Amino acid sequence: MKYIHFVIICICVVFLCVSPVAGLETKTMIHYSEPDVSVRDEIFLEQGYSLRVLDMNSKSGDVWISLYLNGEEIELDDNFAKEDDSLEYIRSVIVDEDEDDETEIDYFILRITPEGSVKNSDGKLYSTIYIEQYLDPVEDVDDYLILDKSYSLKKGDELELAGLYTIEATDVDDDELSLELRLNGKLLKEDKVEEGEYFHYSVYSDTGPQTIFLANVKGFFETDEGITVFLNHVLLQQDTVSGNTGVPESIDIDVESPVDGGLKAGRVAIINYYLDESYSEVRILIDGEVMDSRNQVSPGTYKAVTGELDAGIHKATLMTIDDDDDASYYSEEFSVSVNIKDNITESIVEFASSAAEGFEKDNSSTNVSSKLPVPSLPSDVSNALSLIVTIGVFIIFIWFFRKFM
């Protein structure tokens, strides 16, 4: 009998623990971004939500955050966001109220997770945070072009969304799906996602990140007619950020490519900017991520070099902060439209041809470094050697492509 009582008690405890979780509801995701933040930064989200970074751990990247709704601070049980312990906000909404009883539903609204590492730029600490925001059924919904809809599309066919936006599934490789988002034919983003993951595109400005497009890849399968892709919880809203280029008169920014023939994927970009005033801090951001920061900046011309860039539309943002902590922003978009991988084969062929031509030329010329004469070869030996070198280069290219691409 004691064992029966023990089992009953355990069952009751389990049900008591499960009930709150079972009552938690999650609406569609309406925001996803990965901004770099520093202490005192404020990020504005959707539906009137915003957050402010109060402090940051210089080693772990943990951040102390205050959360606001329409300017009013929200009381949280824990204001710290950690890599292994996200800051989460759940809102309880009364759906049925009478004299004797109230019925509440808990809605999952927000999750903030630090990357877990800290970047130091000229004495300023930055941490990347991942922001996931879900629809709040109580607050007003903005004028979305698309909100929480489902679509199916064939691989290779462009799906028209709204507002001149289109999306296309360009490739399926094993469990990965390649998607491209375009606006009026201009590539905004391409990325590979797996089943169950989100494909997202966000833009950044002084008001914080804005999510333009979100889609959950529900699944895809192959038939005789081709590959069909299913997208779930699709969101699309008009970009209200990219046109915001209120540049102060004292600032100029120039985005240029260090290579001829345009900026190619996998290459870097050089950001040149000029200041004719002093600022307490200056930041250069690429797609919302801080890539360069300077404190107590004097007037002059400065340069910042990006890391390797993917194909698509990128935004370079110059942020200046004066002694009164007032921030000014100027952004400029630039396109990386040619994928360097698409040109590998052509480059290797050109290199092999050049090598072959080099061997076929008159080898009586001297070596620049050693100044020693190079004996000439018979034409048949030269042709054979050229062929061997060409074949060897192609073998190395195929091995390299299979191993690393």
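Q: Which strand holds Asp 171?
A: Strands here are DSSP runs of E with at least two residues, and helices are runs of H or I with at least four, numbered from the N terminus. The model is a predicted one, where local features need pLDDT of at least 70, side-chain atom pairs count only at pLDDT 80 or more, and totals for chains, interfaces and linings use all residues. Residues are numbered from 1 along each chain as its sequence is written, and side-chain values use heavy atoms, with hydrogens and water left out. Asp 171 is placed in strand 15.

Q: Is Asp 171 buried, partly exposed or exposed?
A: Buried means under 20% relative accessible area, exposed means over 50%, and partly exposed is in between (1.4 Å probe, protein chains only). The relative accessible area of Asp 171 is 34%, so Asp 171 is partly exposed.

Q: Which strands each supply at least two residues of the negative patch?
A: A patch takes residues with over 30% relative accessible area and no salt bridge, joining like charges within 9 Å and nonpolar side chains (Val, Leu, Ile, Met, Phe, Trp, Tyr) within 5 Å. Asp and Glu count as negative, Lys and Arg as positive, while His and the chain ends are not counted. Members of the negative surface patch include Asp 171, Asp 173, Asp 191, Glu 194 and Glu 308. At least two residues each come from strand 15 (165-173) and strand 17 (186-194).

Q: How many salt bridges does the count come to?
A: A salt bridge needs a side-chain nitrogen of Lys or Arg within 4 Å of a carboxyl oxygen of Asp or Glu. By this rule the count is 12.

Q: How many residues apart are Glu 88 and Arg 111, which meet in a salt bridge?
A: Between the side chains of Glu 88 and Arg 111 the N to O distance is 3.1 Å. Glu 88 is in strand 9 (residues 87-97) and Arg 111 in strand 10 (residues 102-114), so distant parts of the chain are linked. Glu 88 is partly exposed at 39%, and Arg 111 is partly exposed at 23%. The two are 23 residues apart.

Q: Which residues are joined with Lys 119 into one network?
A: Glu 289 and Lys 119 form a salt bridge with an N to O distance of 3.9 Å. Glu 289 lies in strand 24 (residues 289-297) and Lys 119 in strand 11 (residues 119-121), 170 residues apart. Through salt bridges that share partners, Lys 119 is joined with Asp 36 and Glu 289.

Q: What is the bridge partner of Thr 223 in strand 20?
A: Strands pair if DSSP finds at least two bridges between them. Strand 19 (residues 208-223) and strand 20 (residues 226-236) run antiparallel and are joined by 9 bridges. They form a hairpin with 2 residues between them. The partner of Thr 223 is Gly 226.

Q: Where does Ala 269 lie, and is Ala 269 buried or exposed?
A: Ala 269 is in the loop between strand 21 (251-256) and strand 22 (270-275). Relative accessibility is 0%, so Ala 269 counts as buried.

Terms used:
Areas by Shrake-Rupley, 256 points an atom, 1.4 Å probe, with all protein chains shown as cover. Charge placed at Lys NZ, Arg CZ, Asp CG, Glu CD.
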